[in-house]
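The following note sets out points for a colleague to check against the coordinates.

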Amino acid sequence: MKTTAPDSGLRIRTAVPSKGDSPDVRPSEAEIVCKSVNLAYGENHALHDISMEMEARRVTALIGPSGCGKSTLLRCFNRMNDLIDNVRIWGEIRVSGLDVNAATTDVIEVRRRVGMVFQKSNPFPKSIFENVVYGLRIAGINEKTVLQEACERSLRAAALWDEVKDRLDESGLGLSGGQMQRLCIARAIAVEPEIILMDEPCSALDPIATLKIEELIYELKENYTIVIVTHNLQQAARVSDRTALLWLGRLVEYAPTAELFTAPKDKLTEDYITGRFG
Amino acid sequence: MSLRKRLARGDHMIWFTGSALGICLLMIFGLLAIILVNGLGIFWPHAIEQVTTGDGSVLAGEIAQRQAIPNPGHADHLLNHRIQLRTGNRDLYGFDFTWVNESDIVKRERPAGIFFVERSEYGPLVGTPVRIMEGEREIASDSKAAREKLPGLVTKAASDREAIEAIEKDEIGEVNYEIERLRLEARRLDFRQGREPGLDFAAERAEIQGREQSEQARYAELEAKLVGLLESAAGTRVTFVTVDGQEKELRSLDIYRAYPANELSVFERAGTYVSRLWGFLTDEPREANTEGGIWPAIFGTVMMVFLMSLAVVPLGVLAALYLREYAKQGVLVRTVRVAVNNLAGVPSIVFGVFGLGFFVYFVGGGIDRLFFAEALPTPTYGTGGILWASLTLALLTVPVVIVASEEALAAVPRSMREASLAMGATKFQTILRVVLPAAAPGILTGLILAMARAAGEVAPLMLTGVVKLAPELPVDSFFPFFHLDRKFMHLGFHIYDVGFQSPNVEAAKPMVYTTTVFLLLIIVLLNLTAIQVRNYLREKYRTAAF
């Protein structure tokens, strides 16, 4: 696993735009399938007939103005909307074949398969080690060697190992903002999910920390399917393979990123990405 | 500047608020100062003043206080003064304290050689040792020889008392405990036979009888030993003569401390002070609590607070968890919350009555009928005891813990719960592993408040298990070591008892202050301990600050 090099950010920025042109050789079956997904908070109809497919081991970005339903859609994939009272969802969501909303589906199982990274980094008030292995502990795994191995693997994958390997027993809350967010990513991948959802993971970070996370996303998509919600159009352009624009709970356009940003088919999309949009 | 502008600027508010705070601080520090000065002063060995009055009578004692004589409507109102002498020698005079008008005094002196003697009964003795007898033999015939021998005798008396107490309490106590157990075992057999008349317990009865006989033999042996010890120790007697010439013979065994009050250097006084203070902390009370120490009360107070904490934390936290995490927020939960808050305002005596009715009579009586039937009609749990007092106080303080815990739970960030749930944790796992640890400091704050309230509460205890004098601590060396059914002593009740139920008010007054000092000290110590634990947890589970 590559460690962070000072010039690596540049490499991503030059690498990403060219990706749309060169066809990828990796297999890409649909990992997340939405079929006319609707969601309502009480009377408030927040998502309308969203139908889209997200490919495995690719990064899909959800963009759109505040309140358009990006985060709500994201939270449908691991059923985090369950925590809110009065939510109704209809339509079909399949995550790697599993019907997420079916009555027979175990929500715990869904969340084990679908990891999540939040807007505000939210490490537990525990040691770095305990933060990373939290998912394993609640799954009942307590063998020291297994936990240590998983901790190191996840922290290396989250490009945090070299910074924290000597202070694993210190509080996770003593890290910097960017480190905390990477700790949350490490925590999410420690249980080896198939999909990682990221809800504006960089919005509270400075540009350097943002760069590191973006670089990390680029590396993680080797093994994971990533859906990222972002307000930052440049970020969407830099990290994602496909981008979806949502507007007032509707899917406006969903296309390969390069295509969406250079040749938008929809007038709304063009207005939004050029900033002519309220 | 116009008055209007000044008022608008609010300078006067600074003065108002500042004075309010100042008054509060003044009262608190004034109270503390009064308690500390009065409470810690009594151990200081004061000089003994000998006064001769106009009619020729002679008195000697420590000067307890001096005050102006009120004589309303007359010219000398509050002009003359009188002094209060702590003369001791209650057995000879019939009083401990007496007032002497300064105008009556013809001579005041501080004679050397006069001793202040603390003894086992009748309060202190003030006099000069003149003779020491050992059996029929005189081992010191004059004041000088008696003075030389006295300190050795006092030291020996202390070790003799210790030896006697060891036999009385530990060894004879153990035998008594065994005999009582055998008696109960025999009764249990009677009960079983009553239920099943066909059974024959002859063998068991014979065995019990045999064991009882051997215990009785042990008892006789110990008693003989005790009598021997008492005889040898009690043979030494010291005769004191008071300033008015009366003689008093004391067994050396009864002398706790004796010092020549007018000949001590400052260091010797300080030494006596420390030793008296230590004795006060570690000894048991004597003479209807007006003499001796407060150790059983300190022990009882601390143990009761610990038991209460053990009961109140789980109960309060579980209730708060349900209210905050599981219950559907609505009118019902709001009503419950208001009710809980109001429960904190119910007068404590009401909880006392409830504790007496529910814990002592209902639960305790039930336990007695089920498990201690052989001891009835003597109640075991069906009477006041430290367990019932602690549970009553737990009930009294549980609203504080619920409210504090609820607030602490509500303060755990939603993002932290979401992180845990998104990891695939169940709600139960999230609460156990994330929410509760993060809320622990807040919960401890609730416990601190509860402890502060419980340690100072007296009224409910009087109904549920506190006594004036408990012969045994609730913890001892006999199985099962913790005797939660026992009655106990408590500093708060001790203050009330010594101050207001004592036959000897003047002697008891300083004890009230001193006991108050230690009650406050213990509350402060308990709180500081809990605060330390909370700060440690806060540091450990400190939430993100960036």
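**Notes on the two-chain model**

1. Overall make-up of chain A. Chain A contains twelve helices and ten strands. The model is a predicted one, and the remarks below should be read accordingly. Of the 278 residues in chain A, 46% are buried. When contacts in chain A between residues at least 6 apart in sequence are considered, 69% of them join residues at least 24 apart.

2. The largest nonpolar core. This core has 145 residues, and the members that touch the most others are F77(A), A186(A) and I196(A). Its greatest contribution comes from helix 10 of chain B (residues 386-410), which supplies 17 residues. Another core, of 30 residues, lies apart from it and includes A60(B), A64(B), F97(B) and V238(B). As general background, nonpolar side chains in soluble globular proteins tend to be buried together.

3. Surroundings of A186(A). Which residues does A186(A) touch, once those up to four places away in sequence are set aside? The partners are V132(A), S154(A), L155(A), A157(A), A158(A) and L160(A).

4. Helix 8 of chain A. This helix covers residues 177-190, and its 14 residues reach 20 Å from the first C-alpha to the last, close to the 20 Å expected at 1.5 Å a residue. Helix 8 of chain A is also mostly covered, with 13 of its 14 residues buried. Just after helix 8 of chain A, E192(A) adopts a positive phi of about 50 degrees.

5. Strand 1 of chain A and I32(A). I32(A) belongs to strand 1 of chain A, residues 30-41. I32(A) counts as buried because it has 23 C-beta neighbours inside 10 Å, where 20 or more are required. Beyond its neighbours within four places in sequence, I32(A) is in contact with E53(A), M54(A), F77(A), V95(A) and I195(A). One of these partners, F77(A), is listed above among the residues that touch the most other members of the largest nonpolar core. The C-alpha atoms of I32(A) and L98(A) are separated by 9.3 Å, although the two residues are 66 apart along the chain.

6. The contact between the chains. How many residues does each chain bring to the contact? Chain A and chain B each bring 20 residues. On the side of chain B that touches chain A, the elements giving two or more residues are helix 11 (414-422) and helix 12 (427-456) of chain B. Helix 11 of chain B gives the most to that side, with six residues. By class, the residues on the side of chain B that touches chain A are twelve nonpolar, five polar and three charged.

7. The pairing of helices 14 and 15 of chain B. The axes of helix 14 (residues 491-500) and helix 15 (residues 505-540) of chain B come within 9 Å and cross at roughly 170 degrees. Angles over 145 degrees count as roughly antiparallel, so helix 14 and helix 15 of chain B are roughly antiparallel to each other. From helix 14 of chain B, the residues involved are L491(B), G492(B), H494(B), I495(B), V498(B) and G499(B). Their counterparts in helix 15 of chain B include M511(B), V512(B), F518(B) and L519(B). The contact between these two helices of chain B has nine nonpolar, five polar and no charged residues.

8. Burial of helix 14 of chain B. Helix 14 of chain B is largely enclosed by the rest of the structure, because seven of its ten residues are buried. Those buried include F493(B) and D497(B). The covering of the buried residues of helix 14 of chain B includes helix 7 (295-326), helix 12, helix 13 (459-464) and helix 15 of chain B. Helix 12 of chain B was also named above for the side of chain B that touches chain A.

9. R79(A), which is not a glycine, has a positive phi of about 60 degrees. R79(A) sits in the loop between helix 2 (70-76) and strand 4 (87-95) of chain A, and R79(A) is buried, with 22 other C-beta atoms within 10 Å. Y122(B), likewise not a glycine, has a positive phi of about 65 degrees. The location of Y122(B) is the loop between strand 6 (115-119) and strand 7 (125-134) of chain B. Y122(B) counts as partly exposed, with 19 C-beta neighbours inside 10 Å.

10. Helix 5 of chain B and E207(B). E207(B) lies in helix 5 of chain B, residues 202-234. E207(B) has 13 C-beta neighbours inside 10 Å and therefore counts as partly exposed. The C-alpha atoms of E207(B) and L520(B), which are 313 residues apart along the chain, are separated by 53 Å.

Conventions
Residues are numbered from 1 along each chain as its sequence is written. Chains are lettered from A and ligands numbered from 1 in the order in which they are written. This is a predicted model: local features need pLDDT of at least 70, side-chain atom pairs count only at pLDDT 80 or more; totals for chains, interfaces and linings use all residues. A nonpolar core is a set of buried Ala, Val, Leu, Ile, Met, Phe, Trp, Tyr and Cys residues joined through C-beta atoms within 7 Å. A residue is buried if 20 or more other C-beta atoms lie within 10 Å of its own, exposed if 12 or fewer, and partly exposed in between; C-beta atoms are placed from the backbone. Helices (H or I, at least four residues) and strands (E, at least two) are DSSP runs, numbered from the N terminus. Two residues are in contact if their C-beta atoms, placed from the backbone, lie within 7 Å. Ala, Val, Leu, Ile, Met, Phe, Trp, Tyr, Cys and Pro count as nonpolar, Asp, Glu, Lys and Arg as charged, and the others, Gly among them, as polar. The expected span of a helix is 1.5 Å times one less than its number of residues. Axes are lines fitted to C-alpha atoms, for helices over the stretch in contact, and angles run from 0 to 180 degrees between N-to-C directions. Angles under 35 degrees count as roughly parallel, over 145 as roughly antiparallel, 65 to 115 as roughly perpendicular and the rest as oblique.
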